[in-house]
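Here are some exercises to work through with the model open beside you. Try each task before you read its solution.

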Amino acid sequence: MPSLQVREMPTVLYNALRESAQREHRSITQQAVITLSRGMNITENSSLRRKTLLDTIKKNPIYPLGNELPDSV
């Protein structure tokens, strides 16, 4: 995934981003990505993302289906 570093960001802008991230229980990086996406009218299809994630989980199960789990004792 590409990375972005922003230099000389105005303090007012950084503080607003930080406060927004705290309110939303996100990291500053996560909040920056979401804010940029919204500002550029780019939305990720959450149902497609969820389906892709579920397909990945089904293809790579932690324990093969149909087998019994080992005794935890």
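**Exercise 1. Find which helix has the lowest confidence and which the highest.**

Step 1. Confidence here is pLDDT, the predictor's own score for each residue, from 0 to 100. In the protein, the lowest mean belongs to H3, at 83, and the highest to H1, at 96.

Step 2. Now take the whole chain: the mean pLDDT is 85, and 89% of the residues reach 70 or more.

Step 3. Keep the ground rules in mind. This is a predicted model, in which local features need pLDDT of at least 70 and side-chain atom pairs count only at pLDDT 80 or more, while totals for chains, interfaces and linings use all residues. Residues are numbered from 1 along each chain as its sequence is written, and side-chain values use heavy atoms, with hydrogens and water left out.

**Exercise 2. State how many helices and strands the protein has.**

Step 1. Helices (H or I, at least four residues) and strands (E, at least two) are DSSP runs, numbered from the N terminus.

Step 2. Counting them gives three helices and zero strands. Read from the N terminus, the order is α-α-α.

**Exercise 3. Decide whether Gln 31 is buried or exposed, and list what surrounds it.**

Step 1. Gln 31 belongs to helix H2 (residues 28–39).

Step 2. Gln 31 counts as buried because its relative accessibility is 2%. Across the 73 residues of the protein, 5% count as buried.

Step 3. Look for contacts, meaning heavy atoms within 4.5 Å. Apart from neighbours within four places in sequence, Gln 31 touches Leu 17, Ser 20, Ala 21, Glu 24 and Arg 26.

Step 4. With Arg 26 there is also a side-chain to side-chain polar contact of 3.0 Å. Such a contact is a pair of N or O atoms within 3.5 Å; within protein, one must be able to donate a hydrogen and the other to accept it, and residues adjacent in sequence count only if both atoms are side-chain atoms.

**Exercise 4. Identify the residues that make the nonpolar surface patch.**

Step 1. Patches are made of residues with over 30% relative accessible area and no salt bridge; like charges are joined within 9 Å, and nonpolar side chains (Val, Leu, Ile, Met, Phe, Trp, Tyr) within 5 Å.

Step 2. The members are Leu 4, Val 6, Met 9, Leu 13, Tyr 14, Leu 36, Met 40 and Ile 42, and together they make about 800 Å².

Step 3. Consider one member: Leu 4 lies in the segment before helix H1 (11–23). Leu 4 counts as exposed because its relative accessible area is 66%.

Key. Areas by Shrake-Rupley, 256 points an atom, 1.4 Å probe, with all protein chains shown as cover. Salt bridge = Lys/Arg side-chain N within 4 Å of Asp/Glu carboxyl O. Buried < 20%, exposed > 50% of the residue type's maximum accessible area, 1.4 Å probe, protein only.
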